[in-house]
Amino acid sequence: MWLVFLWRRIHLGRNPLARIPDRIEAAILVGGVVAALLGVPLAAAAGSEAYATMMGRSAVETAERHSTTAFLLEDTPPARIGVDGTPSAETASVAARWTLPDGTFDEAVVSADLGASAGDAVTVWLDESGAVVEPPVLPMDATSTGIGVGVGVWLAAVTLLAAGYLLARHLLNRARRAAWGREWERFGQDSRS
């Protein structure tokens, strides 16, 4: 449907009744659609760059971090049940202990799901110095980031183009109304003569 509308706008140049503001509006619309289509490869490039950056980060973090199993030393607060009957995915910070490769123990505060009990096993990620860190970025996270950035950049560009078109249309409508007013005034003067 919008292609028919666009096609009709393009052919305003051949219409003898089309005014200059109509032709300008048609040119802005066609230019905006072309710019939106040309923006797809640019948005894809931005998404690809974000994906590559996140994959690099994933490789570095995977090489520098390792997981171990820790055991909670205390209970977490009870899980909250949602309206639909499913437990929430919230976490709480509690103390946990794990065994180091040399056989000694280490303790720190870690995140555990609500409703976990003392003695439950949780996965803890450690850096090279043995400090608790966030899990490494997964390739799936890199993929979703790349797609999100690409789509977000394109939607932002299309939003700006649409806002520009609507602003131009508003200004052109004001010019058309002013021209109509002048024509009616001239018509009124001609009819009185």
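Which residues make the nonpolar surface patch of about 430 Å²? In this predicted model, the patch is made by Val-40, Ile-147, Val-151, Trp-154 and Leu-155. Helix α3, which spans residues 139-192, gives the most to this patch, with four residues. Leu-155 has its place in helix α3. This residue has a relative accessibility of 44% and therefore counts as partly exposed, since that class lies between the limits of 20% for buried and 50% for exposed.

The next feature to consider is the sheet. Strands of a sheet pair through backbone hydrogen bonds, and the pairing may be parallel or antiparallel. Here, five strands form an open sheet with antiparallel pairing, and their order is β3-β2-β1-β4-β5. At the edges stand β3, residues 105-113, and β5, residues 132-133, each of which pairs on one side only. Strand β2, residues 91-99, runs antiparallel to β3, and nine bridges join the two. Within this pair, Thr-91 stands opposite Asp-113 of β3.

The volume of the largest pocket is about 340 Å³. Its lining consists of 14 residues, of which Val-110, Ser-111, Thr-123, Val-124 and Pro-135 are the closest to the centre. The elements that give two or more residues to this lining are β3, β4 (121-126) and β5. The edge strands β3 and β5 are thus to be found among the elements that line the largest pocket.

Terms used. Residues are numbered from 1 along each chain as its sequence is written. This is a predicted model: local features need pLDDT of at least 70, side-chain atom pairs count only at pLDDT 80 or more; totals for chains, interfaces and linings use all residues. Side-chain values use heavy atoms; hydrogens and water are left out. Two strands pair if DSSP finds at least two bridges between them. Patches are made of residues with over 30% relative accessible area and no salt bridge: like charges are joined within 9 Å, nonpolar side chains (Val, Leu, Ile, Met, Phe, Trp, Tyr) within 5 Å. Accessible areas come from the Shrake-Rupley method with a 1.4 Å probe; for residues, only the protein chains shown count as cover. A salt bridge is a side-chain nitrogen of Lys or Arg within 4 Å of a carboxyl oxygen of Asp or Glu. Buried means under 20% relative accessible area, exposed over 50%, partly exposed in between (1.4 Å probe, protein chains only). On a 1 Å grid over the protein atoms alone, a cavity is a set of points where a 1.4 Å probe fits but cannot get out, and a pocket is an open set with protein on both sides within 12 Å along at least five of seven lines; lining residues have an atom within 4 Å of a point. Grid points are joined across faces, edges and corners, and a volume is the space filled by probe spheres set on the points.
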